[in-house]
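Student: Before we look at anything in detail, could you show me how to read strand pairing and backbone angles in a model like this?

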Amino acid sequence: MSAEQQLPVVIRQSDGSKIHEISGHKFKAVVLAQPTFCSFCTKFIYGVGKQGYKCLGCETVVHKRCHSFMTARCTFGPSSRAPLIPESIDRVNRRSRSASEEPPTNNHHFNKHFYTRPTFCDHCGSLLYGIMKQGVQCSDCHANVHYRCQEKALHNCGIQVQ
C-alpha cells in the first residue's frame, strides 16, 4: 500500500449495497450509462456491471481502484460540513489572524462556454452535451464542468491534483 492510499470505512446498507467513506466522500458502486472519465486519474471508466464509484454528496465519479487515493475533501453534502481541524487549533489560528486577512481560496471563476468538440466534465466525468453553451469553463485553470456540477466542483483552481 502506498503512502497516499487510505483505507475507506465500509458501511453496509439495508439493501445490501456498500458505502465506502473516505475524505468525507460517500462512494457507492454504480452502473455508468454514458461514457465517463475518472475524476482522479482522468482515464476512461469502462466495463460490464458496476464500473465505478460515485460520491453520493458531490457526485464525483472514480474508478474502483482510485477511490482509496482520494485526498480532496467532499465539497457537498453533510460530510463536507465536518471540521477539517480540531476546534482548539482553529481558535488559536483565529486569534493570530487579523480581521482584514481572509483565508486563501481556490475557487473557480466559471463562465458560460461553447465547445466545438466533444468535451467531458472535469468533475463528474460525463459528456457535456448540447448544441450551444453546453457547460462552464474556469477562466483561470480552464476546468470544464456541467452547469449542474459547478457548485459541487472541488475548490482546487490552480492546484495540481496529481
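Tutor: Let us begin with the term itself: two strands pair if DSSP finds at least two bridges between them. Keep in mind throughout that this is a predicted model.

Student: With that in hand, which residue is the bridge partner of His-20 in E3?

Tutor: In general, the strands of a sheet pair through backbone hydrogen bonds, in either a parallel or an antiparallel arrangement. Here the partner of His-20 in E3 is Phe-27, and the two strands concerned, E2 and E3 (residues 25–30), pair in the antiparallel sense over four bridges.

Student: What should I note about Ser-23 beyond its angle, and is it buried or exposed?

Tutor: Ser-23 has its positive phi although it is not a glycine, and it is found in the loop between E2 and E3. With a relative accessible area of 13%, Ser-23 is buried, the cut-off for that word being under 20%.

Student: Where does Thr-42 lie, and is Thr-42 buried or exposed?

Tutor: Thr-42 lies in the loop between strand E4 (36–37) and strand E5 (44–45). Thr-42 is likewise not a glycine, yet has a positive phi of about 60°; at 56% relative accessibility, Thr-42 counts as exposed, since that word applies over 50%.

Student: Turning to the open sheet of three strands, what is its strand order?

Tutor: The order is E8-E9-E10, and the pairing is antiparallel. Strand E8 (110–113) and strand E10 (144–145) stand at the edges with a single partner strand each, which means that one side of each is left without a neighbour in the sheet.

Student: Over how many bridges do E9 and E10 pair, and which residue in E10 stands opposite Gln-137?

Tutor: Strand E9 (residues 135–138) pairs with E10 over two bridges in the antiparallel sense, and Gln-137 stands opposite Asn-144 in E10.

Definitions and conventions. Residues numbered from 1 in each chain as written. Predicted model: local features only at pLDDT ≥ 70, side-chain atom pairs only at ≥ 80, totals over all residues. Heavy atoms only, no water. Buried < 20%, exposed > 50% of the residue type's maximum accessible area, 1.4 Å probe, protein only.
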